[in-house]
Amino acid sequence: MNFAELARRSLELGTGSALSLSALGVPAGWPFVGKMYIHQYHPQAFFDGAGTWLAVHDDVVTARLNVEALVDEVAVTSWRSEDGRAFQRRMDAYLADLRGIEIRAVVTAIVLYTAGAALAAMILFQFLVAAAMAAVALWVLTAAVTPLSLAGARLLAMQCLVKLFEGYQAVESLLNMLLHGCAAALSATVVVDVAYGAAHSDHSGLKDLAAATFAQGPMLVWGTANRVERDLTAHGLGGRHPGGGLWSSSRAGAPLPNGLPQLAGAKAVDDIMTGSQTITGRYVPEQAANGSYSFPWE
């Protein structure tokens with residue numbers, strides 16, 4: 001079983017536990033469902049990407065060493081004319097570019113490994129939370145033999161689930177901080193490289209960055225729409241208006257209109273079964289051989 005499958009199983013177990021708890025008079029399990037729906041990841045993709053970037057690093061190191069050996073052979077011939085000095089300056093700049101690629105490749109690989117490990121850890125933690133919810137549901141069900149014990153079990157289960165959800169939110173906040181840090185590290189690597197080139201009158205990096213960003217435009221738009229659909233579905237699963245972030249409103253915490261949570265639940269089941277969002281999942285931009293994406297009018 002891979003991590004993506006474990007994440008799906010965690011959602012299924014958590015949803016079943018929330019349903020059971022709700023039927024037993026303990027609705028505190030529902031806030032977990034929306035969270036678990038959001039945290040459906042595929043860490044292996046990050047590990048594979050990191051491995052690819054390490055392979056790029058190794059290839060560039062090999063190329064740089066070969067070029068340095070060739071340049072050293074030329075230098076041995078005592079090529080001290082103006083052409084020779086110009087050649088040496090050009091090769092020094094080229095070798096510096098190769099070293100820059102090596103550094104960026106290593107940083108990217110480290111960031112991808114870190115992000116993948118963090119997502120894998122979150123999936124494992126989420127499975128443990130779902131298992132704890134199932135244990136609480138089983139305990140409340142066992143306590144239902146008498147009305148008196150059931151009342152006490154409901155109260156204690158509510159308290160346990162509230163504390164568990166607080167811990168879940170704390171871990172989620174740490175994950176978000178780490179992932180934002182990874183994104184910042186990648187951004188800083190690109191910005192430093194582009195800024196260094198621009199400071200030395202080399203604007204090719206800036207032009208390449210602008211062209212690459214434009215080429216990824218359709219995927220950026222689609223990714224934003226996909227994120228909005230996912231978040232709205234998660235809020236629907238929670239059954240209440242969101243109380244913070246982008247989707248906060250004056251009705252924060254108020255129950256959603258009847259039918260919306262059920263609709264969100266049906267949609268979430270379809271999302272999990274198909275492996276993609278119901279609406280935006282149908283319109284994934286096609287990627288060209290060069291890595292760019294086509295705009296609708298092209």
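A crossing of two helices is left-handed if the near helix is turned anticlockwise from the far one by less than a right angle, and right-handed if clockwise. The model is predicted, so local features need pLDDT of at least 70 and side-chain atom pairs count only at pLDDT 80 or more, while totals for chains, interfaces and linings use all residues. Residues are numbered from 1 along each chain as its sequence is written, and side-chain values use heavy atoms, leaving out hydrogens and water.

Select helix H7 (residues 217-238) and helix H8 (residues 260-274); helices are DSSP runs of H or I, at least four residues, numbered from the N terminus. H7 passes H8 in a left-handed crossing.

Next, show the side chains of Glu229 in H7 and Lys267 in H8, which are in contact (heavy atoms within 4.5 Å). Glu229 forms a salt bridge with Lys267, with the closest N and O atoms 3.0 Å apart; the term means a side-chain nitrogen of Lys or Arg within 4 Å of a carboxyl oxygen of Asp or Glu. The two residues lie 38 apart in the chain. Glu229 is buried, at 8% relative accessible area (buried is under 20%, exposed over 50%, partly exposed in between, with a 1.4 Å probe and protein chains only). Lys267 is also buried, at 16%.

Move to Glu172 in helix H5 (residues 147-199) and Lys35 in helix H2 (residues 30-38), 137 residues apart. Their side chains meet in a salt bridge at 2.8 Å, N to O. Glu172 is buried at 9%, whereas Lys35 is partly exposed at 21%.

Finish with Glu5, Arg8, Arg9 and Glu12, linked in a network of salt bridges. Within it, Glu12 and Arg8 meet at 2.4 Å, N to O.

Key:
Axes fitted to C-alpha atoms, helices over the stretch in contact; angles between N-to-C directions.
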